[in-house]
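Morning, everyone. Please look at the structure on the screen while I talk. I'll start with the whole chain and then pick out two residues.

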Amino acid sequence: MSSSSLTPNDNLLVVKHSHGFQCSERLTKENTNEAQRELLDELPVTFSIVFPQWRGGKEERTFLFGCQRPSFGSLEENEENIKDFDASAVDPNFFDSGYTLAGSTGFCVWAGARFLLEALVVPPTSEYLAIESNKPSLSRLIHYRQQLSKKGLRVLELGAGVGLGIVLASAGAEVLLTDLPTLVRNAVEPNLYLNSKQGNDGPQEDGEEHQRAPNWLRDCEHVERIGEGWAAAAPLDWTKPVKEQLSSEQCRAINVIVASDCIFLEALLKPFLDTVQTLFEEGAPSLLISFQPRGERIMGSALFTTEQHLVNSVDARGWGIQIIGWKPLTRTDGTKEIVMIVEIEPEKTS
């Protein structure tokens with residue numbers, strides 16, 4: 001696995017799957033029923049994902065996610081968005097212990113989260129495969145899609161935000177969604193409950209055994225059956241020891257770690273990689289993370305994480321890193337950017 005560069009080139013996979021699902025967002029009060037509005041009381045925006053042919057079948061599947069504010073770069077040009085949003089409201093979680101400005105960004109959907117789902121869940125067309133089949137990176141994405149197609153893949157999501165990893169559970173995975181306690185309590189859990197009420201495939205068998213959660217998720221306070229799989233929520237602060245927050249069984253059970261655009265600030269990178277290192281040491285084989293390079297720009301007084309800083313930080317730990325897919329983006333001001341999917345493994349390979 002090469003770690004010299006994270007620069008997309010002609011040998012890397014350009015993922016284009018937007019035909020497979022459509023997103024939109026509306027004000028929660030306009031897009032939900034009374035019960036849903038009560039559940040999403042502090043989340044005024046609803047982000048919707050509609051799969052017209054869920055998992056290649058004939059069934060349509062819709063997922064709803066309550067958010068505190070509209071998404072950033074997650075919608076295509078033809079998708080419904082909120083034109084006017086009053087962002088002046090005081091953040092109701094501002095005084096929560098351990099809550100940070102960086103953490104507050106988890107209350108909306110970012111382009112990297114959509115892209116990761118797009119790459120893992122939406123089957124590519126035969127035409128697309130014919131064009132891209134000569135790209136070495138395609139085999140890595142196919143590997144992860146095949147793993148996801150097998151029921152019971154154990155996934156840990158870091159920095160889950162509003163919980164888009166719930167979609168992976170509906171596809172058959174067992175997903176542990178983690179984030180700061182405020183995000184878990186006020187975004188992940190409401191969205192977990194919201195999506196657990198829809199999409200369970202077929203008639204449910206009688207008996208306690210069928211309904212019982214997987215062993216490694218059973219200690220979580222909130223576990224829900226989602227579609228063909230399971231999802232649970234648990235707080236995980238990267239600045240604190242992992243083993244004080246997750247059980248040994250949970251750490252050892254993980255088949256893959258996923259994360260979406262959650263190391264955008266330089267200050268987040270070390271605690272994030274420290275957390276990943278603990279999980280690697282417990283046996284987790286790989287990390288998939290969507291990453292949107294933002295160059296040397298500064299948010300307030302905080303530096304953004306550059307591609308080279310990420311590469312150097314991973315190299316310093318003796319790990320391997322490579323891009324396995326990327327997608328061009330156009331910001332609202334017309335600026336051209338990219339979002340990429342990066343695979344990180346605990347050992348370098350050639």
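**From the whole chain to two residues**

Let's begin with the parts. The chain holds 12 helices and 13 strands. Keep in mind that this is a predicted model.

Next, the inside. How much of the chain is buried? Of its 350 residues, 54% are buried. Now the contacts. Take the pairs in contact that sit at least 6 apart in sequence: 72% of those contacts join residues at least 24 apart.

Let's take one of them, E34. Find helix α2, which covers residues 34-39; E34 lies in it. Is E34 buried or exposed? Its relative accessible area is 64%, and the cut-off for exposed is over 50%, so E34 counts as exposed.

Now for my second residue, S260. Look for strand β8, residues 256-260; S260 lies there. Is S260 buried or exposed? Its relative accessible area is 14%, and buried means under 20%, so S260 counts as buried.

What does S260 touch? Leave aside its neighbours within four places in sequence. S260 is then in contact with G112, A113 and L116, with E157 and L158, and with S290.

To recap: E34 is exposed, at 64%, while S260 is buried, at 14%. Find both on the screen, please.

Note on methods: Residues numbered from 1 in each chain as written. Predicted model: local features only at pLDDT ≥ 70, side-chain atom pairs only at ≥ 80, totals over all residues. Heavy atoms only, no water. Helix = DSSP H or I, 4+ residues; strand = E, 2+ residues; numbered from the N terminus. Buried < 20%, exposed > 50% of the residue type's maximum accessible area, 1.4 Å probe, protein only. Contact = heavy atoms within 4.5 Å.
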